[in-house]
Amino acid sequence: MTLLDFARGPGMQWSLIILIVGILWRVVGTLLLSAEKDYSQARQGGTGPGIRAVFRRFWPHPEFVKPTLFHMVGGYTLHIGLFVVIFLFAPHILWFADLLGLPVWANLPNNIIMLAGALTAASLVAFVLRRMTHPVMRRISGFDDYASNIVTLLPVVTGMLAFAHTPIARYETLLALHLLSVELLFVWIPLSKLAHALFFIPSRYQLGAAFGRRGVKV
Amino acid sequence: MSTDARLIDIPVISEPAMTLPSMNVEPILHEVRHALRRLLETGETSMIDLRAMPLAPGEEEKIRTRLGTGEVVIQLDAMGPSTLTETAYSGVWWVEHRNPNDVVTGLYIEVAKVPSIVEPDRQDLIDAVARLNDDLENNDDE
Amino acid sequence: MTSKKRQDMTIGEALRANGVSRRGFLKFCAATASLMALPPGAATAIAAALEKAKRPSVIWLSFQECTGCTESLTRSHSPSIEGLIFDAISLDYHHTLQAAAGHGAEAAREEAMKEHHGKYILVVDGSIPMKDDGVYSTIAGMTNLAMLKEAAAGAAAIVAVGTCAAYGGLPAADPNPTGAVAVSEIIKDKPIINVSGCPPIPVVITGVLAQFLTFGLPELDDLGRPKAFYGQNIHDRCYRRPFYERGQFAETFDDEGAKKGWCLYKLGCKGPITYNACATTKWNEGTSFPIQSGHGCIGCSEPDFWDMGGFYKALSQGKLGSAEGLAAAAGIGAAIGIGSALLGSSGQKAAKAEIKAKLDKDMEATK
């Protein structure tokens with residue numbers, strides 16, 4: 001069995017199993033945790049502010065715009081870039097369609113995908129460098145932060161190398177490395193801060209609802 | 001294999017897709033231009049192997065049309081026929097080699113004053129002198 | 001014919017004796033150079049080397065195969081098989097092409113092996129079954145395994161023609177009922193040149209032989225194939241590549257995209273992981289190749305191409321065993337989640353009780 005065969009077959013199969021087990025474990029486990037009962041009288045219902053918080057927090061309050069600008073721009077570049085690369089590149093679409101039994105959806109031309117990939121990789125590198133150099137960021141960054149950044153960066157970089165048929169290795173090897181790095185990402189998602197992809201909406205809602213009940217403007 | 005039933009004789013008409021981009025035509029013509037300049041300035045000859053290029057359907061014909069036809073056509077009969085045609089650009093030759101079954105085995109654009117294969121080899125000249133000597137010495141007809 | 005014995009002649013002498021002129025020979029060499037992806041100027045070097053090369057004895061053994069490789073060989077137009085057999089090599093045994101049959105044929109093989117011991121080229125097509133002592137394929141009562149070992153002992157080099165001989169091919173496809181293996185898994189002490197493909201391109205088979213005669217053992221890639229012929233990635237050399245870049249794909253074999261000649265990636269083309277000369281040398285005397293004819297590459301020159309997950313499944317689609325595995329994973333995940341939540345809430349209760357006890361104690365103390 002070649003490295004590519006392993007990456008396409010058992011490697012993919014097992015990493016997906018771990019991903020699914022991990023996601024359900026964390027999501028079900030967290031949602032079923034009993035919340036602390038709030039004995040105070042609610043000033044208003046929590047649902048409205050909860051939903052509002054989910055959307056409101058896509059952009060900071062005016063006074064925080066300037067201090068968080070780096071994170072906002074970098075974060076949006078990274079996330080939009082990832083979305084474009086993951087969901088609008090033809091080979092990826094085929095992968096999803098095959099896995100989920102969906103019809104194939106429209107793809108973007110490869111030069112746009114490459115541009116998005118380059119921006120994504122650049123913003124991830126910028127985040128790592130900032131963590132390493134910014135005095136405060138450095139103190140509050142742990143293994144999970146660096147690892148999550150790099151585990152996200154690897155599939156982007158290996159994917160671009162494979163796509164460009166970079167002569168540093170044969171295409172099959174680069175493709176296998178790309179798949180293996182994706183499989184590492186699958187395993188890492190539920191175990192790390194990358195799980196924010198699962199939790200950001202419920203936790204925004206939860207916090208917004210709690211604030212709402214206490215009469216705090218969300 | 002008999003030569004009377006060749007693939008090309010099967011009446012299948014394939015229409016080249018209208019939207020196919022011609023990726024190779026312009027670059028090859030540029031290469032010819034550079035080669036022609038080298039021939040003029042340094043005398044260096046060049047050969048472009050069209051069968052080593054991933055040509056799209058129809059591109060070979062496009063290149064042939066763009067180069068046009070000149071005044072000289074040379075025919076060879078050596079292990080099958082070969083046709084060496086001068087293009088509309090002096091010094092640029094369209095070289096087509098065929099095997100005894102009339103199948104194209106090589107297709108080149110050669111940039112030279114005269115295609116290299118036309119010039120006789122030195123050893124052949126030596127042999128020729130020897131043979132002619134032989135003939136003149138042993139033939140007493142006159 | 002000259003006074004020299006035929007098999008002692010160099011290729012140059014043999015050609016001249018057959019009335020092939022120097023220009024004719026140069027044409028042949030130019031076609032060979034083109035095939036080896038050498039610059040056209042290299043034809044002269046090839047001519048010079050071939051002039052002096054001795055005509056080697058070639059023994060061709062066919063094992064677990066479909067004769068497709070031999071069919072392909074006979075369609076080689078440049079160098080042509082007739083030319084090659086009579087001028088460049090001395091094909092002493094090939095059980096499909098030779099006139100002799102039965103005991104006479106086997107005697108010819110044994111004689112050639114004895115006479116040219118240590119010098120002949122052994123060409124093998126087909127894989128070799130290993131299960132049950134190799135009984136699944138025999139010739140004249142002799143298993144392929146025994147015949148290969150015997151013939152390989154005296155060979156200067158082995159050329160494994162076709163994906164079966166090179167990597168096991170179709171007979172070795174899952175579940176490999178006969179235990180078929182490649183030549184290279186049995187013979188370890190001889191140079192082996194893999195000429196893969198199902199079948200290999202006709203002129204590549206003869207081209208590899210010509211290359212061997214001209215330059216000796218060629219430079220091989222990591223799968224044992226001559227780089228000169230297998231150095232090209234189909235996807236890199238494909239004329240449909242621009243459509244891949246633009247993201248324009250045929251979705252079915254008869255849609256608008258297919259008619260416009262768009263990229264066949266979505267229809268399962270394995271071009272990106274396949275190395276062969278199809279995109280430039282092409283097939284049927286240079287007429288076309290699968291992608292040009294509207295069908296994706298099936299990767300026939302690569303190991304295990306039968307088991308790459310389906311000819312019509314795109315390369316990026318996984319070779320996932322079954323959806324059941326993933327569904328089971330979902331069930332397990334949910335179960336663990338519920339379990340950890342229960343554990344978590346009992347933990348919460350315990351922690352609450354602990355905090356309460358501590359607070360009560362503190363209250364006591366302050367009183």
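## Strand β7 of chain C

Val159(C) stands opposite Ile193(C), a residue of strand β9(C). This is a predicted model, in which local features need pLDDT of at least 70, side-chain atom pairs count only at pLDDT 80 or more, and totals for chains, interfaces and linings use all residues. Residues are numbered from 1 along each chain as its sequence is written, chains are lettered from A and ligands numbered from 1 in the order in which they are written, and side-chain values use heavy atoms, without hydrogens and water.

Strand β9 (residues 192-195) of chain C pairs with β7(C) in the parallel sense, over 4 bridges. Strand β3 (residues 120-125) of chain C is also parallel to β7(C), with 6 bridges. Here Tyr120(C) has Ala155(C) as its bridge partner. Strands count as paired if DSSP finds at least two bridges between them. Strands (E, at least two residues) and helices (H or I, at least four) are DSSP runs, numbered from the N terminus. Why is strand β7 (residues 155-161) of chain C described as largely enclosed by the rest of the structure? Because 6 of its 7 residues are buried. Buried means under 20% relative accessible area, exposed over 50%, and partly exposed in between (1.4 Å probe, protein chains only).

## Two loop residues of chain C

Ala99(C) sits in the loop between β2 (90-94) and α6 (102-115) of chain C. Its relative accessible area is 84%, so Ala99(C) is exposed. From Ala99(C) to Val203(C) is 104 residues in sequence and 24 Å in space, C-alpha to C-alpha.

Ser288(C) lies in the loop between α14 (278-281) and α15 (323-366) of chain C. At 15% relative accessible area, Ser288(C) is buried. Beyond its neighbours within four places in sequence, Ser288(C) is in contact with Lys282(C), Trp283(C) and Ser293(C). Contact means heavy atoms within 4.5 Å. The side chains of Ser288(C) and Ser293(C) are joined by a polar contact of 2.8 Å. A polar contact is a pair of N or O atoms within 3.5 Å; within protein, one must be able to donate a hydrogen and the other to accept it, and residues adjacent in sequence count only if both atoms are side-chain atoms.

## Interface of chains A and C

Of the 2 pairs of chains in contact, A and C share the most contacts. Chain A brings 38 residues and chain C brings 46 residues. About 3,500 Å² is buried between them, 58% of it on carbon and sulfur atoms. Buried area is the accessible area (1.4 Å probe) that two parts lose on being put together, summed over both. On the chain A side, Arg8(A), Leu94(A) and Arg170(A) lose the most area to chain C, together 20% of what that side buries.

There are 3 salt bridges between chain A and chain C. A salt bridge is a side-chain nitrogen of Lys or Arg within 4 Å of a carboxyl oxygen of Asp or Glu. Lys313(C) forms one with Asp98(A), with the closest N and O atoms 3.5 Å apart.

## Interface of chains C and B

Here 34 residues of chain C are in contact with 37 residues of chain B. The buried area is about 2,800 Å², and carbon and sulfur atoms give 61% of it. The salt bridge count is 2. Arg22(C) forms a salt bridge with Asp124(B), with the closest N and O atoms 3.0 Å apart. Chains A and B do not touch, and their nearest C-alpha atoms are 16 Å apart.
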